[in-house]
Each structure stands twice: as structure tokens, then as C-alpha cells.
Amino acid sequence: METLRVAPSLLSADFADIAGALKLMERAGADWAHLDVMDGRFVPNLTFGPKMAADARARTRLPLDVHLMTVEPELLIEAFAKAGADWISFHLEATVHAHRLAERIRALGPRPGVSIVPSTPLSALEELLPFVDLVLIMTVNPGFGGQSLIPACLDKARRLATLRKERGLPFLISLDGGVNRATLDACCATGADVLVMGSAFFGAADPAAEVAAAKAILRPW
Ligand code: DX5
Ligand code: ZN
């Protein structure tokens, strides 16, 4: 039985101390480091580019889980692949040729993921599911950390887990936004494999306890 993977998001870290944030993730038993790339266009906020991923790569052995919240993600994937990203997820809403993009990411080395915002229906992913290794379900409207989880998005994640079983597909399901102690059980009950944690991790007095709480949940599937 696999435990949940926890991916703390650098978005909630002190940007002046990224090395310290990565060390904290490792010490706390996190599985992946989640990198939220925002372009000020797809979402109303700006974060960082491929150099941050390359510098993070030099400081940690944790897999780098890059979440592109950008328009024209096709222009960025090569740079993030070169920077050492292990996973690159783009938004379905940001590209017309999602299949081509997923295949290009895979050819460059990283594992491809796709993400959808709360208002995008699951049905929009139907044709793409066999071609991605990760589906990142946004459980808040992307752009900022510290927002409240939108409960309807958990139902979407649950339906995705059912669909995955029916179609016998191997992709991982990740939930991103508003994951904390209060929502942990409901998040896990969807059948998700990865939980992104921003404010709940970096705002905690004891981040290791937040990771441990997620990993302590039994997943009988
Ligand atoms: C939101 C980002 C999330 C965010 C999660 O646009 O994609 O990864 O950092 O932060 P919390 O856990 O605080 O909701
Ligand atoms: Zn994210």
C-alpha cells in the first residue's frame, strides 16, 4: 500500500531563502518539490522561471514538480527540461495542442502532466488521459497560495479516479490548492496520489508533522 506523496510548494516559501526551503522539505520527509511558475498573464501573479528550477536542482535530490501556469507553455518546456525538471505540468486551458505538448515534454525527458482549473470539466481531458503521467486537479483558482479549497473540485478528482480505474490508465492524480489538516481526509478519500501543500507546510510550526499527517492516512486501494 503506497502512502500519499506530499509536494510542498515553493510559492509559500521565503523567496530569499530557497535553499533553506528545500532543506526544510527534505528534513520534513516531503516527496517532491512543487514549483509554481506564474507569468502574470495566465494567472494574476508572477513567480520565477527556469533558472530557479536549475538552481533548485543543484540544491536538492527531491524530484522537481513544475506546474506551469503560463500562456504558451510550449515556449517554456525546453528550458525547464534542461533545468532538470522531473515533471512538467501545463494547463489544458493554455494550449490548443495538448497532445503534441505532452509528447514533446516526454521526448525532452521529464514526465508530462496536465492541469485543469476549477471551471474546466473533466470531460475536456478525455482524449488526453492516455498520454500524460500526471493530472493536476486545481482545487482553488490558480494564482495565489493560502486560498480555501473548493469542495466541488474534490468530486471532480473522485470521478477522475473512477475513470482511471475503468480505463486502466496509470497516471497519478495530484490535488493543488487549499490542502491542509482540515481538508486532508477529504482530499485523500478522492483517490489522489499526490497532495501539493503551500501555506499548510510553510506556515506550520512543525512542517514535518504536516507531512506525517498526510502519510499516516490509510489508502486501501
Ligand atoms: C496555486 C498554486 C498552488 C499553491 C498552493 O495557484 O498552484 O500550488 O501554491 O498553495 P496552498 O497550499 O497555500 O493553497
Ligand atoms: Zn501548483
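**Figure 1. Overall dimensions of the protein chain in a predicted model.** Along the principal axes, the C-alpha atoms fill a box of roughly 45 × 40 × 30 Å. In this predicted model, local features need pLDDT of at least 70 and side-chain atom pairs count only at pLDDT 80 or more, whereas totals for chains, interfaces and linings use all residues. Residues are numbered from 1 along each chain as its sequence is written, chains are lettered from A and ligands numbered from 1 in the order in which they are written, and side-chain values use heavy atoms, with hydrogens and water left out.

**Figure 2. The shell around ligand 1.** Ligand 1 is surrounded by 20 residues, each with a heavy atom within 4 Å of the ligand, and the closest are Asp-36, Gly-143, Gly-146, Asp-176 and Ser-199.

Figure 3. Backbone N or O atoms of Gly-143 and of Gly-146 each lie 2.7 Å from an oxygen atom of ligand 1, while an N or O atom in the side chain of Asp-176 is 2.6 Å from a ligand oxygen atom. Taken alone, ligand 1 exposes 380 Å², of which the protein buries 100%, the accessible areas coming from the Shrake-Rupley method with a 1.4 Å probe.

Terms used. Polar contact = N/O pair within 3.5 Å; in protein donor to acceptor, adjacent residues only side chain to side chain.
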